[in-house]
Amino acid sequence: MIDSKHQQLSNEEIINIASQNTGSQYSPEQVLAAIMTEVREPNTLVIQQGNTLFIVHRLEKDPSAALFRALNADTAKNFLENSIVFTKTMKSMGFKIMVTTFYDPTILNIFKYISQNPPFPGMGYKAQRTKDDGFYVTVNLGSGQGGLESIKGQKK
């Protein structure tokens, strides 16, 4: 991992490192090509914070909701900080709900930390196991400015 406080990586470098660190069955070149195609889709945003890329797909049926995933090449501490800034950015952009899926159980610690130190009133998350032993997490960005009721405490 590359500490973004010392060296800022390009999007391509982040994708390359993240694909290697997640043990992808695809080569870094294949992952880069797939992601470059993905980010050209309508209603897709790419937000870089530190050495983490957040790929966001705004839902057509509900523009206040988004599917997202993070590609990280930063240190663990910075990844947590990057995730907090990302959460605040998403709220400022009018999002109310964010959904993500992943397999690494250590990523749940980010959601737990943020829920214990929420940047917005009523903010919370709900984590569920998927059939293939992954995780499905719904993040409620909280009340205020059109936010929703908290789902904090409904973790499974």
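## Salt bridges and the sheet

At 29% relative accessibility, Glu-81 is partly exposed. This value, like the rest of the report, comes from a predicted model.

Glu-81 has a salt-bridge partner, Lys-77, with N and O 2.8 Å apart. Both residues sit in helix α3 (residues 76–92). They are 4 residues apart, about one turn of the helix. Lys-77 is exposed, at 56% relative accessible area.

The structure holds 4 salt bridges.

The Glu-38 and Arg-69 pair links distant parts of the chain, 31 residues apart. Glu-38 belongs to helix α2 (residues 28–38), and Arg-69 to strand β3 (residues 65–72). Glu-38 is buried, with 13% relative accessibility. Arg-69 is partly exposed, at 30%.

Asp-133 is exposed, with a relative accessible area of 53%. Arg-129 is exposed too, at 53% relative accessibility. Elsewhere, salt bridges with shared partners join Lys-5, Lys-77 and Glu-81 into one network.

Now the sheet. Its 6 strands run in the order β1-β2-β3-β4-β6-β5. The sheet is open, and its pairing is mixed. β1 (44–49) and β5 (124–129) each have a single partner strand, so one side of each lacks a neighbour in the sheet. From one strand to the next, the twist averages 25°.

β5 pairs with β6 (residues 135–140) in the antiparallel sense, over 6 bridges. Arg-129 has Phe-135 as its bridge partner in β6.

Conventions. Residues are numbered from 1 along each chain as its sequence is written. This is a predicted model: local features need pLDDT of at least 70, side-chain atom pairs count only at pLDDT 80 or more; totals for chains, interfaces and linings use all residues. Side-chain values use heavy atoms; hydrogens and water are left out. Two strands pair if DSSP finds at least two bridges between them. Helices (H or I, at least four residues) and strands (E, at least two) are DSSP runs, numbered from the N terminus. Axes are lines fitted to C-alpha atoms, for helices over the stretch in contact, and angles run from 0 to 180 degrees between N-to-C directions. A salt bridge is a side-chain nitrogen of Lys or Arg within 4 Å of a carboxyl oxygen of Asp or Glu. Buried means under 20% relative accessible area, exposed over 50%, partly exposed in between (1.4 Å probe, protein chains only).
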